[in-house]
Amino acid sequence: MFKRRIWILCVIVVLILLTKHFWESKPKEDLAMKPDVVNSISINQDQYLTVVANRSKIEDKEEFADLLIQMYKENSFQTIKFSGDIRGMTSVNMRVYLQREEIEGHAPVMIVQYGKGVGNLCKSERIIAIEY
């Protein structure tokens, strides 16, 4: 009877450990490389974001800008989740830094402007400028 209780207890512990392993949302390695918004300011219908790339170098800046815009549309940043009223924004300006420590006292590695009615691109929705 005592051995049976020990076996049942061992099986329960193993099931709990397996459940915890499979229920983890995302591996830490994936989160370390994902860009993230660390600051958000809205002025009128313009959104200003400070983005950390979480990498040592951005290989293809156009591709990275597309990734940021896709993440903005899907509202899939880790730290900040936007409310439903982001659909009314006319432009989004993203200042991108490689690491969080570089925000204070350093220039951004790139600036991405995206939206409607900015510059000469009225009624179109796409990347407007990538500054290096």
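Mentor: Strand β2 (residues 46-52) holds threonine 50; strands (E, at least two residues) and helices (H or I, at least four) are DSSP runs, numbered from the N terminus. The model is predicted: local features need pLDDT of at least 70 and side-chain atom pairs 80 or more, while totals for chains, interfaces and linings use all residues. Residues are numbered from 1 along each chain as its sequence is written, and side-chain values use heavy atoms, without hydrogens and water.

Trainee: Which residues does threonine 50 touch?

Mentor: Beyond four places in sequence, threonine 50 touches Asp36, Val37, Val38, Asn39, Arg95, Tyr97 and Ile103, contact being heavy atoms within 4.5 Å.

Trainee: Which residues have the most contacts inside the largest nonpolar core?

Mentor: Leu49, Leu68, Tyr72, Met94 and Val96, in a core of 22 residues. Such a core joins buried Ala, Val, Leu, Ile, Met, Phe, Trp, Tyr and Cys through side-chain atoms within 4.5 Å. At least two of its residues come from each of β2, α3 (61-74), β3 (91-97) and β4 (110-115); α3 gives the most, six.

Trainee: What is methionine 94 in contact with?

Mentor: Apart from neighbours within four places in sequence, methionine 94 contacts Leu49, Val51, Leu68, Ile69, Tyr72, Met110, Ile111 and Val112.

Technical notes
Buried means under 20% relative accessible area, exposed over 50%, partly exposed in between (1.4 Å probe, protein chains only).
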